[in-house]
Amino acid sequence: MLRSLRCAALLGSLFLSASALAVDIDQASYGYPLTNPFEATIATTPPDLRPKLPTDDEINQSDYTLNMRPEREFSLPDNFWAVKKLTYRIAKQDRAAPLIFLIAGTGARYDSSLNEYLKKLYYQAGYHVVQLSSPTSFDFIASASRFATPGISQEDAEDMYRVMQAVRAQNASLPVTDFYLTGYSLGALDAAFVSKLDETRRSFNFKKVLLLNPPVNLYTSITNLDKLVQTEVKGINNTTTFYELVLNKLTRYFQQKGYIDLNDALLYDFQQSKQHLTNEQMAMLIGTSFRFSAADIAFTSDLINRRGLIIPPKYPITEGTSLTPFLKRALQCDFDCYLTEQVIPMWRARSDGGSLLQLVDQVSLYALKDYLHASPKIAVMHNADDVILGPGDLGFLRKTFGDRLTVYPLGGHCGNLNYRVNADAMLEFFRG
Amino acid sequence: MAKYLLLLAALMCAGVANADNSKAHEPTLLGDDGFKQPLTKLKFNPGLDQREFERSSLTALNVYDPLESWNRRVYHFNYRFDQWVFLPVVNGYTYVTPSFLRTGVSNFFNNLGDVPNLLNSLLQLKGHRSLETTGRLLLNTTVGIAGLWDPATAMGLPRQSEDFGQTLGFYGVPGGAYVVLPIFGPSNLRDTAGLLVDYTAESQINFLNVSEVSSNHPEIWALRAVDKRYQTSFRYGQMNSPFEYEKVRYIYTESRKLQIAE
């Protein structure tokens, strides 16, 4: 009690100078059950605490493709035929309605589970919904990215903006009243840059923009994520690798349960069981998933730009060619390696040199500080225990956004987005 | 008191493996801005130079796949077939049929599938599971009207699939080479053989006379195939990776191991 009072006093004194205070949700009244940030990130909200959503059958939706970079038809090898055009998904209301764009997070496609969730949430509330892949997603890099080297937020936003304009053109007859924009994780950072771009290009005049768990300093975020695979995991030895460890636990879990049942509650139940993973194991799992994204990005970018770092530029690839040797090489490359080997050299060549610090400044939310501070239409929702943040990042958000920032005490990285309380707040923001 | 503490300390030192050396229970460090610093709750290896991710992943890539070149071509064929034929047909099917009818169709074919499930449970001498599956068959075929409804699941008898590939695996037959079957998708030599055995068994048993009727009415086979695709949530491209083939291969191999062990 004393402690929280002290904290409150400290916070109060710290931010009295700012014009408005961020909305801090109190942990006791918040009611989110997962206090462990890693557990929240992996398992997300237990199913009965999620909002009631329509099923896919009840949504009028379809997938469309855009031919954004026609030259890739010829420059990409044959076995990438599926990503030569960019696919997106649109859910249409049967009347005039506001349209909301959803941008997926790091390496995620338009139909990532979080994007699907957000689609259902907003569709139910009466929006047309357009789901877009992240600029770091394999399909987006291959089919819509001009430089095919994602990471420079400004350039990614330009690519994204073109895609949005093409989406609008392809659905020109759709009656749209207003445009809204949201994104989660890296998609939120993209959304901020897209919104800035829209201030000058004016194709959409976004009425409101919501950033969900954005990275503040992109370099901090990728460093944190790279670091997650460096945890000391108990139970790994010469005969058991990390995957085997997790799979053995999963096997024992199903054996104890008596049957295999894959459902929404699986991860939550698993963490409640005797076989649950420790913090270090969960961190390793999250880190692993991001390392695979990093490998995909590094490989795809190298392949399209013919840099020859992972795959020799003229290596013949047909549909039967094994890519396993290149996966093995790409797996050695984490985000930091991708940044230093591919992003920085390209950025230097295009912008007359510059240091890593300058790059970090340009691609993080810092670059938009004044814009974000002065734009009442943009709001942020973040968690106090998000693994992609570093010390001082929340302070930056508090200063920049004032009362347009909501800080939830729990949820890890995006784990509470499908919690009922968050869902209500996310709808309320666009409604108001 | 001190003695006990000493004893406790000694015990904890002795059982390094049991000791909780993680930092999970350390108090949360609240930053000035309210940041909880989740990474401080983790124990990192001191040099930050462990190669466990690389070791695990490279080991995981060792799946016996001598037919890789052929398999990849079939994989691409399946991908195209799925996008251009299978999924459009499934979408048409969902468009023209009401939801309860689709559920009925799924239940009906699942009920047929409970026959091989039962056989294989018996072959693996899994008494409890055999009883449950027998219960399912009896209940769903009678009360559920030839399997169109699935009252058994509602009564706490979940569907537990067992195929002959799993039975072979149960008795120690290794998977053999990884194979991508046209239309059917990922498999291996053992499971392909299992598929053939299950198919033969099903047509011999001729449960509810379906096998006999469908030999004259191929549309029943077509409906079954469409229903199977309708029930399978996997979508090509879903992994969103240039290395989807490798990932599917690993997941298939491991999930089969898991099904056999369970």
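This is a predicted model: local features need pLDDT of at least 70, side-chain atom pairs count only at pLDDT 80 or more; totals for chains, interfaces and linings use all residues.

User: What makes domain 1 and domain 2 of chain B count as in contact?

Analyst: Two residues are in contact if their C-beta atoms lie within 7 Å. By that rule, 11 residues of domain 1 of chain B are in contact with 10 residues of domain 2 of chain B. On the domain 1 side, α7 (164-170) and α8 (189-205) of chain B each supply at least two residues. The most comes from α8(B), with four residues. Sorted by class, this side of domain 1 has six nonpolar, three polar and two charged residues.

User: How are the domains of chain A arranged, going by their assignment, and what separates their centres?

Analyst: In chain A, domain 1 takes in 14-221 + 365-431, and domain 2 is 225-350. Their centres, taken over C-alpha atoms, are separated by 23 Å. Between them, 25 residues of domain 1 of chain A are in contact with 28 residues of domain 2 of chain A. The helices α3 (37-43) and α6 of chain A each give at least two residues to the domain 1 side, and α3(A) gives the most, with five residues.

User: Why is α7(A) called roughly perpendicular to α8(A)?

Analyst: Let's set the value against the cut-off. The axes of α7 (residues 153-170) and α8 (residues 186-201) of chain A cross at roughly 70 degrees and come within 8 Å. Angles of 65 to 115 degrees count as roughly perpendicular, so α7(A) is roughly perpendicular to α8(A). Their crossing is right-handed. Residues making this contact include A:M160 and A:Y161 of α7(A), along with A:F193 and A:L197 of α8(A). By class, the contact has seven nonpolar, two polar and four charged residues.

User: And why are α9(A) and α14(A) called oblique to each other?

Analyst: α9(A) and α14 (residues 335-350) of chain A pack at an angle of about 130 degrees, with their axes 8 Å apart. Roughly perpendicular ends at 115 degrees and roughly antiparallel needs over 145, so the pair α9(A) and α14(A) is oblique. Among the residues in this contact are A:I222 and A:L225 of α9(A) and A:F335 and A:L339 of α14(A).

User: How do you know whether B:G31 is buried, exposed or partly exposed?

Analyst: Count its neighbours! A residue is buried with 20 or more other C-beta atoms within 10 Å and exposed with 12 or fewer. B:G31 has 17 C-beta neighbours inside 10 Å, so B:G31 counts as partly exposed. B:G31 sits in the loop between α1 (2-14) and α2 (52-60) of chain B. Leaving out residues up to four places away in sequence, B:G31 touches A:P391 and B:Q37.

User: Which residue counts describe the contact between chain A and chain B?

Analyst: 63 residues of chain A are in contact with 50 residues of chain B. The largest share of the chain A side comes from α12(A), with nine residues. By class, that side has 28 nonpolar, 20 polar and 15 charged residues.

Technical notes: Residues are numbered from 1 along each chain as its sequence is written. Chains are lettered from A and ligands numbered from 1 in the order in which they are written. Ala, Val, Leu, Ile, Met, Phe, Trp, Tyr, Cys and Pro count as nonpolar, Asp, Glu, Lys and Arg as charged, and the others, Gly among them, as polar. Axes are lines fitted to C-alpha atoms, for helices over the stretch in contact, and angles run from 0 to 180 degrees between N-to-C directions. Angles under 35 degrees count as roughly parallel, over 145 as roughly antiparallel, 65 to 115 as roughly perpendicular and the rest as oblique. A crossing is left-handed if the near helix is turned anticlockwise from the far one by less than a right angle, and right-handed if clockwise. Domain bounds come from an automatic or database domain assignment.
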